[in-house]
Amino acid sequence: MSRGWETIRADVLRRIQAREWGPGATIPTEEALSREFGCARATVSRALRDLAAAGVLERRRKAGTRVALAPVRRATLDIPLIRQEVERRGQSYSYRLLRDAVEVPPLPVSLHLRLPPQVPLRRLICLHFAGDQPFIHEDRWLNPAVIGGLRPDFAGQSANAWLVANVPFASGDITFCAEAATAADAAALSVPVGTPLFVVDRTTWTAQAAITRVRLAYAPGYRMHTTL
């Protein structure tokens, strides 16, 4: 009976964890595994690619597939919906658009987005609320080219929610840091200038173009929790 790639992945991982195939060992070829599992070679290849992406296997052309000497579990991050984050805290969510304008970004922003200098972008500044309290001050540069002919109303829906639903990203980078509240942060979050804030800087791209760069400044007391 043919088996799906998820089942094959689980079986290969079980053998590695049981040390049937130890660290550095070469595992059977895709052809051999496809005969054993009674499935297409492409199904086996999909399972092994997934394990390689997780850092469990090392795949080298013409050298076969080996169990990693020091398997590394690689973290992956989805872009969270701020609304859902607030509602999981048991609070009501609301959103206010403070600025929507076409501007030429500072040179560091253009360079980070891999765009030529002086290319105008759409700048969106907004405030997300948890209950009646400011939660996140958002400053976003959005590449209009990825929107095409669409004309989203960011007064009614945040760019965070709209982009997650409409513009899949292929790659990105993210930075977490502590920063002193700027004058804009302070005014939006009702804190003194210089207050330490948790800040996320995130940039995303499609396979062909930059999507957005966003700075999210969280109100004091914010804690991030994730699982490994």
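**Close-up views of the predicted model**

View A. Glu179 stands opposite Leu197, a residue of strand E7. The structure is a predicted model, in which local features need pLDDT of at least 70 and side-chain atom pairs count only at pLDDT 80 or more, while totals for chains, interfaces and linings use all residues. Residues are numbered from 1 along each chain as its sequence is written, and side-chain values use heavy atoms, with hydrogens and water left out. Strand E7 covers residues 196–205, and its neighbour here is strand E6, residues 171–180. E6 and E7 run antiparallel and are linked by ten bridges (strands pair if DSSP finds at least two bridges between them). Helices (H or I, at least four residues) and strands (E, at least two) are DSSP runs, numbered from the N terminus.

**View B. The hairpin from E7 to E8.** Follow E7 to its end and you meet a hairpin, where four residues connect E7 to E8. Strand E8 spans residues 210–218 and is joined to E7 by seven bridges in the antiparallel sense. E7 is mostly covered, with eight of its ten residues buried (under 20% relative accessible area; exposed is over 50%, partly exposed in between; 1.4 Å probe, protein chains only). E8 is mostly covered too, with eight of its nine residues buried.

**View C. E8 beside E5.** Strand E5, residues 133–142, pairs with E8. The two strands run antiparallel and share seven bridges. Look for Trp141, which stands opposite Arg213 in E8.

View D. Ile211 sits in strand E8. It counts as buried because its relative accessibility is 2%. Leaving aside neighbours within four places in sequence, Ile211 is in contact (heavy atoms within 4.5 Å) with residues including Trp141, Leu142, Val146, Leu163, Val167, Phe169 and Trp205. Asn143, Pro168, Thr204 and Thr206 are also among the contacts of Ile211. Trp141 is 70 residues away from Ile211 along the chain, yet their C-alpha atoms are separated by 8.6 Å.

**View E. Two residues of helix H1.** Helix H1 runs over residues 5–17 and includes Arg15. Would you find Arg15 buried or exposed? Arg15 counts as buried, because its relative accessibility is 11%. Not counting residues up to four places away in sequence, Arg15 touches Glu20, Trp21, Glu36 and Phe37. Leu13 belongs to helix H1 as well. With residues up to four places away again set aside, Leu13 touches Leu51 and Val56.

**View F. Stepping back to the whole chain.** The protein chain contains seven helices and eight strands. Its C-alpha atoms fill a box of roughly 65 × 40 × 30 Å along the principal axes. The radius of gyration is 23 Å, whereas a compact globule of 228 residues would have one near 17 Å (taken over C-alpha atoms; the globule rule is 2.2 Å times the number of residues to the power 0.38). Of the 228 residues, 40% are buried. Among contacts with a separation of 6 or more, 57% are between residues 24 or more positions apart.
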